[in-house]
Amino acid sequence: MNASDCANLGIAEGDTVEISSSEYTDTTEVHVTERIMPGVVFMPTHYGTSTPYYTEGYNYGICVPNFQPFDMEPGTGATMSQEFTVSIKKVGA
């Protein structure tokens, strides 16, 4: 997460945050950085898988596809799977 966003929310490196979308809510630790734009959250898509067949990612982190609503891009008809709106709050705040 962007450092200024974190400062505004009272979030520090390693704090546990709750991430919520229209579809799902989960918690994870936050990494604070200046290398991402304010207002944007980056979550790697290769961790947090919900299937044990993916042994490297199973039960490690959060599963990004759980947060994704099933929306179609009107211009192309492709799924909008790379960007969606989430809210962030510090756990225990």
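**Contacts, burial and pockets**

A: Setting aside residues up to four places away in sequence, Gln68 touches Glu23, Ser81 and Phe84, where contact means heavy atoms within 4.5 Å. This is a predicted model, in which local features need pLDDT of at least 70 and side-chain atom pairs count only at pLDDT 80 or more, while totals for chains, interfaces and linings use all residues. Residues are numbered from 1 along each chain as its sequence is written, and side-chain values use heavy atoms, with hydrogens and water left out.

Q: How far is Gln68 from Ser21, C-alpha to C-alpha?
A: Their C-alpha atoms are separated by 7.6 Å, although Gln68 and Ser21 are 47 residues apart along the chain.

Q: OK, what does Ser21 touch?
A: Leaving aside neighbours within four places in sequence, Ser21 is in contact with Phe67, Thr85 and Val86. A polar atom of the Ser21 side chain lies 2.8 Å from the backbone oxygen of Phe67.

Q: And where is Ser21, and why does it count as buried?
A: Ser21 is found in the loop between strand E1 (16-20) and strand E2 (25-29), and Ser21 counts as buried because its relative accessibility is 15%.

Q: Changing topic, what's the overall pattern along the sequence?
A: The protein has 1 helix and 3 strands, and read along the sequence they follow the pattern α-β-β-β. Of the 93 residues in the protein, 26% are buried. Among contacts between residues at least 6 apart in sequence, 52% join residues at least 24 apart.

Q: Which residues does Leu9 touch?
A: Leu9, which lies in helix H1 (residues 3-9), touches Met1 and Ile88 when residues up to four places away in sequence are not counted. Leu9 and Ile88 are 79 residues apart in sequence and 8.5 Å apart in space, C-alpha to C-alpha. With a relative accessible area of 42%, Leu9 is partly exposed.

Q: What volume does the largest pocket have?
A: The largest pocket has a volume of about 530 Å³. Of the 21 residues that line the largest pocket, Glu29, His31, Phe42, Met43 and Pro44 are the closest to its centre, and the elements that give two or more residues to this lining are E1 and E2.

Q: How do you define a pocket and its volume?
A: On a 1 Å grid over the protein atoms alone, a pocket is an open set of points where a 1.4 Å probe fits, with protein on both sides within 12 Å along at least five of seven lines, and lining residues have an atom within 4 Å of a point. Grid points are joined across faces, edges and corners, and a volume is the space filled by probe spheres set on the points.

Q: What about the second largest pocket?
A: The second largest pocket has a volume of about 400 Å³ and is lined by 16 residues, of which Val41, Met43, Gln82, Glu83 and Phe84 lie nearest its centre.

Technical notes
Helix = DSSP H or I, 4+ residues; strand = E, 2+ residues; numbered from the N terminus. Buried < 20%, exposed > 50% of the residue type's maximum accessible area, 1.4 Å probe, protein only. Polar contact = N/O pair within 3.5 Å; in protein donor to acceptor, adjacent residues only side chain to side chain.
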